[in-house]
Amino acid sequence: MSSEQLINHKDEIQAIDDDLILASLNLLYRFFYFEPEDSLLLKVEESHILHFWQAEMGISTLETEIFLSQASALEQLQSDHLSLFVGIGMPKAMPWGSVYLSEDNLLLQKSTYALAGFLEDKHLRFQLDEKQPLDHIGLCLSALASLLERHIRAKDASSERCVCEFLCVHILPWSFRFTELLTKNAETALYRLLGKITLHTLTQLQAKWQLTPVQRQLYY
């Protein structure tokens, strides 16, 4: 095998890895931000992403596959989404970064406005049907996917810096606590799995660029 063939094969493997990360981030965004629907579960099935998660990330998906085969899976997921991210009372896995980063556990704090400024500077805008703080974990993962797509296309230092800054300043300081609460409090196998996938994906990106997140006190 020639050196050129080796290089092409390496690039192909990297592209597969990038595709899986992007697919994972976009699916996580939908499951965290929106109430699950039949169409979303169909997307999980048709994409075979559970297979890729197990094969590429080494995370068992058997419990989730069994769960999704149940007739009541969608109803259980909708109830879990409500309990985890919306709350009858306090959500069990607060999805907003400022809750973790502000001493009073409030929405729309300094960290939220800093994130909004970053997104505006990078020309990333969300078209939201309802007013929602931009530091919702679903929106953050969607923004991360967009920044990664830009970097994959551009392959330059500027786009790489954007991804690294976004991770170090706006996601990594609080997201691991979020995944801990999600995995602990989820009632369904799928949402427990999504907590593990979020943690694995962010840890993989942190390791890829050897990132040290900004040190922030967590209050939640």
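## Confidence of the model

The model is predicted, and its pLDDT averages 91 over the chain. A score of at least 70 is reached by 93% of the residues.

Residues 1-16 stand apart from this picture, with a pLDDT that stays under 50. For this stretch the model has two contacts beyond four places in sequence. Where pLDDT is low, the predicted coordinates should not be read in detail.

## The nonpolar core

The largest nonpolar core contains 63 residues. Those with the most contacts inside this core are Phe32, Trp53, Leu144, Phe166 and Tyr191. Helix α9, which covers residues 157-185, gives the most to the core, with 12 residues.

Neighbours within four places in sequence are left aside here, and the contacts of Tyr191 then include the aromatic residues Phe31, Phe32 and Phe85. Tyr191 is also in contact with Pro36, Leu77, Leu84, Leu182 and Ala186, as well as with Asp80 and His81.

## Thr201, a buried residue in helix α10

Helix α10 runs over residues 189-208 and includes Thr201. Thr201 counts as buried because its relative accessible area is 1%, which is below the cut-off of 20%.

A polar atom of the Thr201 side chain lies 2.8 Å from the backbone oxygen of Ile197. Beyond its neighbours within four places in sequence, Thr201 is in contact with Ile21, Ser24, Leu25 and Met57.

## Pocket and cavity

Rolling a probe the size of a water molecule over the atoms shows where empty space is left. The largest pocket has a volume of about 300 Å³. Its lining is made up of 16 residues, and the closest to the pocket centre are Tyr33, Phe34, Glu130, Gln132 and His136. Helices α1 (3-33) and α5 (73-86) each supply at least two residues of this lining.

The structure also holds one cavity of 30 Å³ or more. The largest cavity has about 60 Å³ of space. Residues that line this cavity include Asp18, Ile21 and Leu22, together with Leu148, His151 and Ile152. Leu205, Lys208 and Trp209 also belong to the lining. Helices α1, α8 and α10 each supply at least two of the lining residues. Ile21, which lines the cavity, is also in contact with Thr201.

## Residues in the loops

Arg125 is found in the loop that links α7 (110-121) and α8 (137-154). Arg125 counts as exposed because its relative accessible area is 57%, and the cut-off is over 50%. The side chain of Arg125 makes a polar contact of 2.9 Å with the side chain of Glu120. Between the C-alpha atoms of Arg125 and Leu182 there are 27 Å, and these residues are 57 residues apart along the chain.

His48, in the loop between α2 (38-47) and α3 (49-57), has a positive phi of about 55° although it is not a glycine. Asn105, in the loop between α6 (97-101) and α7, likewise has a positive phi of about 55° without being a glycine. His48 counts as exposed, at 51% relative accessibility, whereas Asn105 counts as partly exposed, at 29%.

Notes:
Residues numbered from 1 in each chain as written. Predicted model: local features only at pLDDT ≥ 70, side-chain atom pairs only at ≥ 80, totals over all residues. Heavy atoms only, no water. pLDDT = per-residue confidence, 0-100. Contact = heavy atoms within 4.5 Å. Core = buried A, V, L, I, M, F, W, Y, C linked by side-chain atoms within 4.5 Å. Buried < 20%, exposed > 50% of the residue type's maximum accessible area, 1.4 Å probe, protein only. Helix = DSSP H or I, 4+ residues; strand = E, 2+ residues; numbered from the N terminus. Polar contact = N/O pair within 3.5 Å; in protein donor to acceptor, adjacent residues only side chain to side chain. 1 Å grid on protein atoms, 1.4 Å probe; cavity = no way out; pocket = protein on both sides within 12 Å on 5 of 7 lines; lining within 4 Å. Points joined across faces, edges and corners; volume = space filled by probe spheres on them.
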